[in-house]
Structures are given as structure tokens and as C-alpha cells.
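Thank you all for coming. Please look at the sequence and the structure together, and keep both in view while I talk.

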Amino acid sequence: MKRTKKLLCLLLASLIFTAYSLPSYAAGERTEEERPEEEEDLLAPYFILQNEDCPVDLFPLKSTEVTTNINGVIAETYVVQTYANESETPINARYVFPTSTSVTMHGMKMQIGNNVVTAKIKEKEEAKEEYEEAKSEGKSASLVEQKRPNVFTMDVANIMPGDTARIELHYTELISPTEGIYEFVFPTVVGPRYAAPPESEESADGQNNDWVSSPYLADGETPPGEYLINVNLSTGVPIAGIESKSHEIKVEQDEESRARITLANPEEYAGNRDFILNYKLTGEEVQSGLMLTSSGEENYFMLTVQPPERFTPEDVPPREYIFVLDVSGSMIGYPLDTAKTLIRDLVSNLKETDKFNLILFANETYRLSPESLPATAKNIGYATKMIDKETGGGGTSMMPALEEAIAIPQEEDFARSVVIITDGYVANEDEIFDLINSHMDTSSFFSFGIGSSVNDYLIKGIAQCGMGESFVITDSEDAEDGASRFRTYIESPLLTGMTIDYEGFEVYDVATSAPSILYAQQPIVLFGKWKGEPSGSITISGKSGENDYVQEIPVDGVAVDTENEAIRYLWARTKLDQLAGYGSVRNDESVREEITQIGLDYNMTTPYTSFIAVIEEVRNPEGDSKDVNQASPLPLGVSNLAVGGGYTAYSEPGDILIVLAAAVIPLLCFLRRRKGRRCQG
């Protein structure tokens, strides 16, 4: 028996050691050839462990400096990242970085020593070939590629020992208010993505997923270097309040309509969570308005339409809510706790005339009931018990959960809303969008992003495809507020049957499709082009409750700005989104060609255009260089269980715990039975 116990202890120790070591790769600068074949196939992120033999900081990020100038509702951002090669060999490095989903990236510069190069936009394949050629010739080069609308990769080649590389990116975005509150978000880190094993690096929908295998630092580890954020705010009207829930900020305000916002504690590392800045203007409403610009060759307009006030209709149809909750490994801890608070609040406040169902998903999918249940106190109690006992773990297998939600039998008289609560750490966004697109006639889809650095592309895309709304929840206080906003949003439409007519104003290439139904109290923003002289008027009409609604905006007298290029870029971004949509439509050849041409014409990154910068001097004639994959910090609040490490196709290790249990429990049972037989003997 003693010998058996020793064997058992050895087995347990071996299993525990295996479970601990599998998620970690001490290989900060492995080349693709050195990387295990199975890891290449799985495209799972992995840990980088810092030690004397394999330091993380061979090519450390010395500083990130963000400067954003917000004028009215348009934000221009300059991001400068400085790296240094502190090793004794030339380096080729790659890092992954995020942006907001709606940005137009239209500028890039690279500086190494006294050499400054302004990047050129080229077709993706051509830019890649030029980069690889420069790399093989020993020239310093950089390449920026779009992997998702909110995920980019930066590759730099032949950074010599002692070099400092300074990369500057320039992009523009629109800031739209929600219920009078403006929110500017600067994403700082890309969360680890869950990806099923692909047949190749190029996924079925044509998107390249090689970035999914990027390494991460363990939870709590932060890279060296400073992070500085500066926001210069100019609103034109008095600012009523400025706050940030993500960071402590310092606000300097010399004028009522101008403010400068910086980090109060810049020494505190800021790159593991999104920087979120909220501000409010004096007055409860955003005024409708028209902006006209001209680039000399073409004219552009931006139309902002303030919808009517909310109303409460007397006859609201009964509703069915299907809540789809992510309980995977990346949600363990505060994200799952916050999600539980949110969903308890949502379920507990349903009307008795409503019906609901609950689906939990990780690697597997669990459903409360085969059919949706009346929202009685008893049924709500069942749902809250199901939520409360969930601790989280496993991969983020969202598609099966959505398919199951859609397949639940639907009553004809009930309006169905599918509410998805997740951090969005998946890599198959387009498959999810395609599924929603094919069922938007039977359901509305709403998304709640939970966490400090959610997948903005997925969260917003779900809502846009499903004709719903998206919400981002960063803490328990946000959860209560988000649930309240959701209830207010779905209770009644603000405007139905909406149309926009241009009378005496010659417009074309309108890049925004106006929705036929408005739910949220936020302005509509339209972009388009115009010809001739600015004249006539724009009329918005529809139904507000039982009443006719008409709003007329005169074009006469609106000044034409010949220096503002931002609207030109925002039109291009909006047009691109309209063409690409959310889902596999982007792979249509004619759509691909049109998107490519927009990228080339407007000097912007797209799925098919990239920035390339090359210093023509041969700086590394020997050609010996080391490949380094820069490790990203884990988003704040996300545990180590979000990183797979190559042992599974997924980015989360719930399965390994099951394997360990499956190995240990039968052995314990065997020993117990054996002991029992001895006692009986």
C-alpha cells in the first residue's frame, strides 16, 4: 500500500507539473522554423516567461505617447511608440495593437536615427513582398497590416543593435454621444482570441489569423516603458463634466469649452486596459446640423440628426428574451462576476407577460429550458440559481450557443431579442455575423461587452448586424446602469418609418444607410458627397408614436470648409464599412476591388491595403537577425486561464482540467475499492 501511495503521489505531481507547464513557452524569440509544428497549426496564444536565458526585453517598448485632438465630434489621434534594440544582434519584430473599430488609419512614419520615412499605402500583397525583399536585403523596414477593423500588426525588420525605432500612426474617428454623454475610447491591448484549428492560416472567410498566436505575459506582469495619454478637447460649447472610470486623470480647463486631459499617474502602467474618457456638454440635446467640406476635387458633407424625445407607447407587444452568457476561462473573476450582476438585473426586471430563456456557453452549451419560460418569480429563481453556481472555465465556443438560441421555438406574437454577454475573445467574428445576418428577420440581437479591453469589432458588429444596440460594461456599477439603459432602449421605438429627402441639394454616394426604426436617444450621423452650390434643404420624416414627425435642415448659408480633411476620411471609412458589411460579403471579388481602390485613393489601411516604409540604406549586410514576437500584457481582470499555450486549439484551458480529473478520480476510486476489499478480507 505504501508503494501504491508513492506511485499515486508521483502521478499527481507529474500531472500537476504538466498542467502548470503546458500553458507556458519560454521562447521569446523563436523563429517560425523553431516553433513546434503543432503550435503553428493551433494558432493558440502562449505565455512568454522572462528568465536569464530568454529575456523578454530584447526589443523593449520604451514609451507609448498618445495625443488626441477632439474638435466637436471628430477625434484625430497620433500614436508614437518607441522601441530600442538592446541586444547584440539585429532584430525583426512583430507586435499586435488595437484601435477602435471605426477609425480611419491614414498616416504612418518610421524614424530610425536620423532616417525618417513616410509610409506609402499599397495593395496588401505588394506591400508584403516589398517588406520581405527589404528584410532579405538588410534594409530597415516597417509594415502595418489590418487583421480586423480593430486589430493591426506592426512588423519591423533589421533593427540594428543600439537602434531606437520610432513609429508614428495617425488616424481619425467620429465620437457619437449616447444620451448626451460623449465617450472617447483608446484601446491599449488586444485580448487573447479563441480559435478553432484552421485548415490553414487563411481562414474560411479569407481573414488571416496568424496574429491569434501572439504571445502574452502572465497575469500581473507588465512590460517596462511609460504610457502617456494627452487629450485636447475643444467642443465649441461649455463642457458640463469630464470623467474617466478606467484611469485617474488630471483635467486642466482654462476656458469653458476647452480642456486638456492627461493621466494623473503616468508612472502607473496604463497599457493593460482601454482608456475611456466621458464628457458631457451644457444642455440636454445635441443639436442637429450640417457640415460641408471641399477637397478641391470632391465635396463632402456630414449630417447630424437629433431624433425626437422618447415616448411611451400604450400598446407594447409581449417580448421574449434569450440571454446568452459567456462563462469561459477568460471571463473568470471580475468579468464573470460583473456579467452575473448584469444578467440577474436583466432577468429580475422582466414583466410577467414576457418570456425568457438562458444559455451558458464555454466549450459546451447549457440551456435553462427547451422552450422559453414565462417571467414568473419561480422561473426567474431557477435562472438566478443556474447563474450563481457557475464559476467559469473552458474555451469561448460562441457559434453553437447562438445556433441553439436561434433554434428555440418562437411564438408568433412575441418579439424576440437575443442578448449576448461576453468579452468577445473569439477569432471567428465573420461566421457569427453571417449567422446573425441570416436570422435578423426573426430576432433582434443585442451585445454586452464585459471587461477592460473587449473585442470591440465583435460587440459592435453583433448589434449592427442584428439591428440592436451594443453596450460595454467595465464594472458592477456599469452593469446596473447598462441594464437600465437596455430596458429603456427596448421598451419603445423613438421613430419608425424614417426617411431622409434631399430637396434642391444635389447629393450622391451617401455612405450611411439611415435606419428605418430608431430606438436609442442618440443622433444619426450621415456622410455623403455633393455637387454644385450648397442650396435647398434636407427633410427627415417618420412616425413618433402616433404622431407624424418632420425635421427640416436648411442647406443655404452653410459655410464650406476647405481645410478640414477629417470628413473626407470619415466618409471613406463609412463607405468601406458599408461595402464590407459584417460577414463574408467582403470576399466578393467586386467588393474586394472597390475596397482596395478606396484604400489606395484615401491613403488608408483596409483588409487589402497596408502601409510600407523602407529605409533604402543596407544596414544589415550579413543578414543575420533574430525574430521576436512582442508579448502583450493580459487585459486587466483577465486571468491566465485565457491563454492556451499551444496544448489545445483554444485560447482557454478548461479541457486540461477535465483531463486531469479524468485521470486522477478513477485512480482514487480504485485505491478506495482496493482498501475496502482488504478490510473485508
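This is a predicted model: local features need pLDDT of at least 70, side-chain atom pairs count only at pLDDT 80 or more; totals for chains, interfaces and linings use all residues.

Let me begin with a term: two strands are said to pair if DSSP finds at least two bridges between them. Strands here are DSSP runs of E with at least two residues, and helices are runs of H or I with at least four, both numbered from the N terminus. Residues are numbered from 1 along each chain as its sequence is written, and side-chain values use heavy atoms, with hydrogens and water left out.

With that in hand, strand 12 and strand 18 (residues 275-281) pair in the antiparallel sense over six bridges, and Ile181 stands opposite Lys280 in strand 18. These strands belong to an open sheet of three strands, with the order 12-18-15 and antiparallel pairing. Its edge strands, each pairing on one side only, are strand 12 (181-186) and strand 15 (239-243).

Stepping back to the whole chain, we find twelve helices and 36 strands. Of its 681 residues, 54% count as buried, where buried means under 20% relative accessible area, exposed means over 50%, and partly exposed lies in between, with a 1.4 Å probe and protein chains only. If we take contacts, meaning heavy atoms within 4.5 Å, between residues at least 6 apart in sequence, then 75% of them join residues at least 24 apart.

Now, is Asn150 buried or exposed? Asn150, which lies in the loop between strand 9 and strand 10 (151-159), counts as buried because its relative accessibility is 4%. Its side chain is joined to that of Asn455 by a polar contact of 3.3 Å, a polar contact being a pair of N or O atoms within 3.5 Å where, within protein, one must be able to donate a hydrogen and the other to accept it, and where residues adjacent in sequence count only if both atoms are side-chain atoms. Leaving aside residues up to four places away in sequence, Asn150 touches several others, including Phe97, Arg193 and Tyr457.

Lys147, in strand 9 (residues 139-148), also counts as buried, because its relative accessibility is 7%. The side chains of Lys147 and Glu145 are joined by a polar contact of 3.4 Å.

Finally, the buried residues of helix 4 include Leu336, Lys340, Ile343 and Val347.
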